[in-house]
Amino acid sequence: MLICGMDECNYEKSVEEEVQKIEAGTVNDKALQRLLDCRICPNDYNFAELYGMYSFASALRMFDPPTRNPQYCRGYDACYPCGTEHIDKWPGITCDNGNVISIKISGDKKYGSCCGKTLLPNKSCILKGEIPPQIHHLEHLQVLSLYKHFITGEIPLTIGKLQNLKIIQLSMNKMTGPLPKELYTLKHLEILDINDNHFVGTIHHDIDNMKALELLSLYNNNFHGDIPWYSLSVLKRLYFLYLDGNIFLQQSCTREICNQVYYGDLILTVPPTVFCECATTY
């Protein structure tokens with residue numbers, strides 16, 4: 001039987017070669033296998049995006065079935081994130097013209113599993129694992145909202161290739177590491193919400209590249225060093241700023257440091273348009 005106009009052996013070889021071509025790092029074997037199982041043609045316009053979504057789903061165990069109901073996922077077609085005429089799209093996924101533009105999955109929503117829709121109040125749709133570097137293949141992605149899960153690891157360096165991103169919400173997870181310099185290249189990012197994690201390091205002055213930023217929420221992490229007030233002051237659209245719960249210099253609470261800020265030998269104040277005070281945590 002021909003697959004994408006090829007016999008099975010040549011089809012598998014062609015898919016593997018295409019993945020090697022688009023993948024700069026280590027190949028995600030589970031994603032590769034799903035491409036083969038789903039009979040995705042290597043010349044499909046969204047081949048790379050599907051590989052990226054399959055990598056995302058496997059790395060964060062999106063389709064792990066509930067322990068008490070291992071057959072639960074069988075009715076869900078895991079091949080098409082955006083769905084088809086007869087198949088619903090993946091939960092939490094929004095598409096436009098066949099491309100994934102939003103991944104919005106909250107750990108607060110009570111589903112039996114991320115792979116299904118049946119309401120089971122005693123279970124949660126919880127993602128576990130690390131965000132894979134292959135996420136950069138989702139070049140149309142505008143929203144990445146993964147709130148209140150058990151996501152670990154660092155923000156992947158490849159995040160800088162997602163230049164259409166407007167919202168990153170990764171709050172209330174278990175993520176670590178410093179913020180990658182590639183993050184500061186996201187010029188269209190409006191919301192960076194990563195509070196209640198275990199991030200470390202300093203906030204780089206290159207944050208002044210993020211001209212569209214309206215909300216910056218970093219509270220309850222382990223950031224240290226100086227706050228780059230001068231760089232923040234040039235962000236004309238910045239309105240919400242949450243910094244408390246870290247170990248920045250000259251800080252006990254943002255309500256205090258927002259009144260008068262020392263930057264080297266200068267005394268600066270936060271722009272009057274910025275709502276800067278202690279975050280309300282629950």
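Trainee: What should the 13 residues of H3 span at 1.5 Å a residue, and how far apart are its end C-alpha atoms?
Mentor: This is a predicted model. At 1.5 Å a residue, the 13 residues of H3 should span 18 Å. The distance between its end C-alpha atoms agrees with that, at 18 Å.

Trainee: How many of the residues of H3 are buried, and what covers them?
Mentor: Phe47, Leu50 and Phe56 are among the buried residues of H3. The count is 10 of 13, so H3 is largely enclosed by the rest of the structure. The cover includes helix H1 (8-22), H2, strand S1 (93-96) and strand S2 (99-104).

Trainee: Which residue takes a positive phi just after H3?
Mentor: The phi in question is about 55°. The residue that takes it is Arg61.

Trainee: Is Asn46 buried or exposed?
Mentor: Asn46 lies in the loop between helix H2 (29-37) and helix H3 (47-59). In sequence Asn46 is 91 residues from His137, yet their C-alpha atoms are 9.4 Å apart in space. A residue under 20% relative accessible area counts as buried. Asn46 has a value of 13%, so the answer is buried.

Trainee: Which element gives the most residues to the largest nonpolar core?
Mentor: This core has 67 residues, of which Ile103 and Leu146 touch the most other members. H1, H2, H3, S2 and helix H4 (229-233) each supply at least two residues. With 7 residues, the element that gives the most is H3.

Trainee: Asp193 is buried, so what is its nearest side chain of opposite charge?
Mentor: Asp193 sits in strand S8 (residues 191-193). Its contacts include Ile168, Gln169, Leu170, Ser171, Leu215 and Ser217. Asp193 has no salt bridge, and the nearest side chain of opposite charge, 11 Å away, is Lys104.

Trainee: Which strands stand at the edges of the open sheet?
Mentor: The sheet has 4 strands in the order S7-S9-S11-S13, with parallel pairing. An edge strand has a single partner, so one side of it is left without a neighbour in the sheet; the two are S7 (176-177) and S13 (247-248).

Technical notes:
Residues numbered from 1 in each chain as written. Predicted model: local features only at pLDDT ≥ 70, side-chain atom pairs only at ≥ 80, totals over all residues. Heavy atoms only, no water. Buried < 20%, exposed > 50% of the residue type's maximum accessible area, 1.4 Å probe, protein only. Lys, Arg positive; Asp, Glu negative; His and termini not counted. Salt bridge = Lys/Arg side-chain N within 4 Å of Asp/Glu carboxyl O. Contact = heavy atoms within 4.5 Å. Pairing = 2+ DSSP bridges. Expected span 1.5 Å × (residues − 1). Core = buried A, V, L, I, M, F, W, Y, C linked by side-chain atoms within 4.5 Å. Lists of a residue's contacts leave out its neighbours within four places in sequence.
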